[in-house]
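Please look over the sequence and the structure shown below before reading on. The report that follows takes up charged pairs and then the packing of helices.

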Amino acid sequence: MFKIDLDTVRFAEPGYLWLLIVPAALLFVWGWQLGRRRRDARQFRQHRRLPVRERFPVFGGLVFWLCALIATAFVILALARPTAAIALVRTAGVDLVVLQDGSASMRTPDVTGDRWQRSIRFLRVLGESLAWKDDRIAMACFAHIATPEVRLTKDPNTFFFFLDHLNTESPFRLEDDTTWDTNIELGIAWGLRLIERDTELYGKSPNAKAFVLITDGQAWSGEVARSLRLARAQQVPVYVVGGWIPEPPPPQTIPGRPSLPPPAPQPKIRSSLDRNSLATIATAGGGEYYELDREGDREIANKIIDAARKRAGSRGLEVSSEELYWRCLVAAAALMGAGLIFLQERIELWLQATGAAAALVVVWTLTR
């Protein structure tokens, strides 16, 4: 939404404004012609006797000439290159804090690559879906411990740089005991610390805050409810993204060929997704629960960003300067189009088309 302040209208080429004398003088001529037309109509009605009252149009073909005069005035204004200050209400952006599960269970290869690589592909789509003008994003990884990876930034290169270096595996090593746990409470706590640290450095931001928790929810510990209460107290909803774990495909047989002997039995690798717990976390955190590969990555990313953006405040009025000449040209074209409706003679249409083409050539020459 924007509003033009007419008191701030200025002209870059005011030397053309004196040409407005021409349409102003012709407007007086038009009024004189209208008066003559009304007088002739009254005299004609007095001397002509008909059984039915004869009606004469009030303006007749003079409507076209009135539109042409006003359109000419708008074209002269366009040549003068008017500018005005426009007050634009600027909406704040969103601050997304990604809480990425980096525990050992995220290395399970039950999707393309593994769960970690699948979540990184989603984060890349999430980053591509941001506007990056006022939007910012941060990232922290957690297992039994948590480490910040990216502070809140509006630089997409910084975020994608870290994704490129974390593309293959989690920063937590399998050899460490702390990797074999999923402390969601600590992940949310570190997300809050990232927001608090940004406020200390740059002041309070009007951007809407939101957590994007990406986890499979396996083997998790910590008092999640306590962190969720802190997040809701600071009005930071938690949107949970889980990974859909597919069932193993059934064995395939080719018709007409003997079946191969069954392979040696292998130990079964069971993998599960704690959907109920993740949905509970999302509900308690004031957000929603999404599942990868049940919905498209772009659709999930847009839903999260749109939901966060609805909570964004306003950055106040942004005053900028805008040229108004194109508005004048549009108004002139609209008036000429409206005036053509009142023309009745074909020869007049051809004359007006020729005049309009000549006027366009003149305007194009003067404004190049």
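Predicted model: local features only at pLDDT ≥ 70, side-chain atom pairs only at ≥ 80, totals over all residues.

Because glutamate 299 and lysine 303 are four residues apart in helix H8, about one helical turn separates them.

Arginine 197 counts as partly exposed because its relative accessibility is 48%, whereas glutamate 200, at 58%, counts as exposed.

## A buried pair and its network

The salt bridge between the side chains of arginine 136 and aspartate 198 has an N to O distance of 2.9 Å. Arginine 136 belongs to strand S5 (residues 136–142) and aspartate 198 to helix H5 (residues 184–202), so this pair ties together parts that are 62 residues apart in sequence. Both arginine 136 and aspartate 198 are buried.

Through salt bridges that share partners, Asp95, Arg136, Asp198 and Lys209 are joined into one network. The count of salt bridges in the model comes to 16.

## Helix H3 against helix H8

Helix H8 (residues 297–309) also packs with helix H3 (residues 115–129), at an angle of about 55° and with the axes 9 Å apart, which makes H3 oblique to H8. The crossing of H3 past H8 is right-handed.

Among the residues of H3 that take part in this contact are Arg118, Arg121, Phe122 and Glu128, and those of H8 include Asp297, Arg298, Ile300 and Ile304. By type, the residues of the contact of H3 with H8 divide into seven nonpolar, two polar and five charged.

## Helix H2 against helix H9

Helix H2 (residues 62–79) packs with helix H9 (residues 325–340) at an angle of about 165°, their axes being 8 Å apart. Since angles over 145 degrees count as roughly antiparallel, H2 is described as roughly antiparallel to H9. H2 passes H9 in a left-handed crossing.

On the H2 side the contact includes Phe64, Ile70, Phe74 and Leu77, and on the H9 side Tyr325, Leu329, Leu335 and Gly339 are among the residues met. The residues of the contact of H2 with H9 comprise 17 nonpolar, one polar and no charged.

Methods
Residues numbered from 1 in each chain as written. Heavy atoms only, no water. Axes fitted to C-alpha atoms, helices over the stretch in contact; angles between N-to-C directions. Helix = DSSP H or I, 4+ residues; strand = E, 2+ residues; numbered from the N terminus. Parallel < 35°, antiparallel > 145°, perpendicular 65-115°, else oblique. Left-handed = near helix turned anticlockwise from the far one by under 90°. Contact = heavy atoms within 4.5 Å. Nonpolar A, V, L, I, M, F, W, Y, C, P; charged D, E, K, R; others polar. Salt bridge = Lys/Arg side-chain N within 4 Å of Asp/Glu carboxyl O. Buried < 20%, exposed > 50% of the residue type's maximum accessible area, 1.4 Å probe, protein only.
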